[in-house]
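Here is a short report on one protein structure. Look at the sequence and the 3D view first, then read on.

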Protein chains: 2
Amino acid sequence: MLEHDYIRDGTAIYERSFAIIREESDLSRFTPDQADIAVRMIHACGRVDAAEFIEFSEDFVPAAREALQNGAPIFCDAQMVAHGVTRARLPADNDVICTLRDERTPEIAAKLGTTRSAAALELWRDRLEGAVVAIGNAPTALFHLLEMIEAGGPKPAAILGVPVGFVGAAESKEALATRSGGVPWLIVRGRMGGSAMTAAALNALARKGI
Amino acid sequence: MLEHDYIRDGTAIYERSFAIIREESDLSRFTPDQADIAVRMIHACGRVDAAEFIEFSEDFVPAAREALQNGAPIFCDAQMVAHGVTRARLPADNDVICTLRDERTPEIAAKLGTTRSAAALELWRDRLEGAVVAIGNAPTALFHLLEMIEAGGPKPAAILGVPVGFVGAAESKEALATRSGGVPWLIVRGRMGGSAMTAAALNALARKGI
């Protein structure tokens, strides 16, 4: 039996990974705080070229961090995003909420003629004002959020718009970047994104460092 | 208020997405069953070039499908993988198990001098023989699995080796492909991978079609 030779120390693995990412990716467009978040997002997808597609509104990082420190809840469109949030990093034991599997969601979806991912957002209204929203899966959820805001609904403190895919993902993120109604945003332009990149961004916002 | 124009029907979104992926990606290396799985993995990461890195051992798809149909448990290295499995698609109400947050795991990690992700696998031994294993996050977990098998431990029916990252990910997947001890495998060569691609592969194995 051959012994496999690999690093077994979790912190050392993170440090080495982040060093490789900083060496190989072009982070020059970002502020130091934005770069920290981009590094974790790249780490989550294994592609340094993801840096080209990550974009922040100028006020996003301070707005999201302030909201989290003040105890804002985090609303997620997908269970995978919610389960990717490292609870120990959260600054105020923030609630992490996903209503996709709420028993009311299918009925709302049928009534509104949309996906369950989009319909689930209707159950966020009570606590959506000032919350942090993380859309990491469904373009329809991001479009629905923009429609709720445009219709005069509650405004989150910050929106992570990182749905992945081939139908509507690029368009929904472009819509967020151009028509967020003044809400600070983070997007990954184009098709890339997903629950892992979204959770990684949340974990980077929640606490600086490894 | 402008109305956003987008597809709101979940099944139509899947169908259109999969059609785009089949049009744009080179799936010619794959059997039809392998291609179905690759399409879902590409869907999960938003990159058609992922097709270049996906590789199956010849016996992987039939072995994994037979195990699932016979009720094999699915062992996952990360909560995100476990929560990405669509339970309604599973053919035998299969158990989906992640022991990362088991209270015994930190002590095992300290004793073995490895990560919690790797140590968590020690708690799989009782039901690992004939199981389906999905490693979607930690290279150390995949290395540890190979060490357990090489040491004469129980053999899974099939291994999805899809950890992501910059330290050990490529190496651990290469090790699986060359030294699996006869266990059928699926890998994504290089740095790409992650919980979403891994869960997508499981969902594709669990049931054919959308």
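This is a predicted model: local features need pLDDT of at least 70, side-chain atom pairs count only at pLDDT 80 or more; totals for chains, interfaces and linings use all residues.

## Between the chains

A salt bridge is a side-chain nitrogen of Lys or Arg within 4 Å of a carboxyl oxygen of Asp or Glu. Between chain B and chain A the count is 6 salt bridges. One pairs the side chains of A:Glu147 and B:Arg8, at 3.1 Å from N to O.

Which elements of chain B give two or more residues to the side that touches chain A? They are helix 1, helix 2 (32–45), helix 4 (79–84), helix 7 (139–150) and helix 9 (195–206) of chain B. Helix 1 of chain B gives the most, with 7 residues.

## Size of the interface

The size of an interface is often given as the accessible area lost when the parts come together. Chain B and chain A bury about 4,100 Å² between them. Of that area, 62% is on carbon and sulfur atoms. Three residues, B:His4, B:Met80 and B:Phe166, supply 18% of the area that chain B buries against chain A, more than any other three residues. The contact takes 49 residues from chain B and 49 residues from chain A.

## Helix 7 of chain A

A:Glu147 is one of the buried residues of helix 7 of chain A. How many of the 12 residues of this helix are buried? The count is 11, so the helix is largely enclosed by the rest of the structure. Its cover comes from both chains. It includes helix 5 (105–112), helix 6 (116–119), strand 4 (132–135), strand 5 (158–161) and helix 8 of chain A, together with helix 1 (10–24) of chain B.

Now check the length. At 1.5 Å a residue, the 12 residues of helix 7 (residues 139–150) of chain A should span 16 Å. The end C-alpha atoms are 17 Å apart, which agrees. After the helix comes A:Gly152, with a positive phi near 95°.

## A buried serine

A:Ser172 lies in helix 8 (residues 169–178) of chain A. Is this residue buried or exposed? A:Ser172 counts as buried because its relative accessibility is 0%. Leaving out residues up to four places away in sequence, A:Ser172 touches A:Pro139, A:Leu142, A:Phe143, A:Leu146 and A:Pro163.

## The annotated domain

For residues 13–207 of chain A, UniProt lists "domain: Cobalamin biosynthesis precorrin-8X methylmutase CobH/CbiC" in an unreviewed entry. Over this stretch the chain is 45% helix and 11% strand. The end C-alpha atoms of residues 13–207 are 18 Å apart.

Key. Residues are numbered from 1 along each chain as its sequence is written. Chains are lettered from A and ligands numbered from 1 in the order in which they are written. Side-chain values use heavy atoms; hydrogens and water are left out. Helices (H or I, at least four residues) and strands (E, at least two) are DSSP runs, numbered from the N terminus. Buried means under 20% relative accessible area, exposed over 50%, partly exposed in between (1.4 Å probe, protein chains only). Contact means heavy atoms within 4.5 Å. The expected span of a helix is 1.5 Å times one less than its number of residues. UniProt positions are given in the numbering used here, feature names are shortened, and annotations may be inferred rather than shown by experiment. Buried area is the accessible area (1.4 Å probe) that two parts lose on being put together, summed over both.
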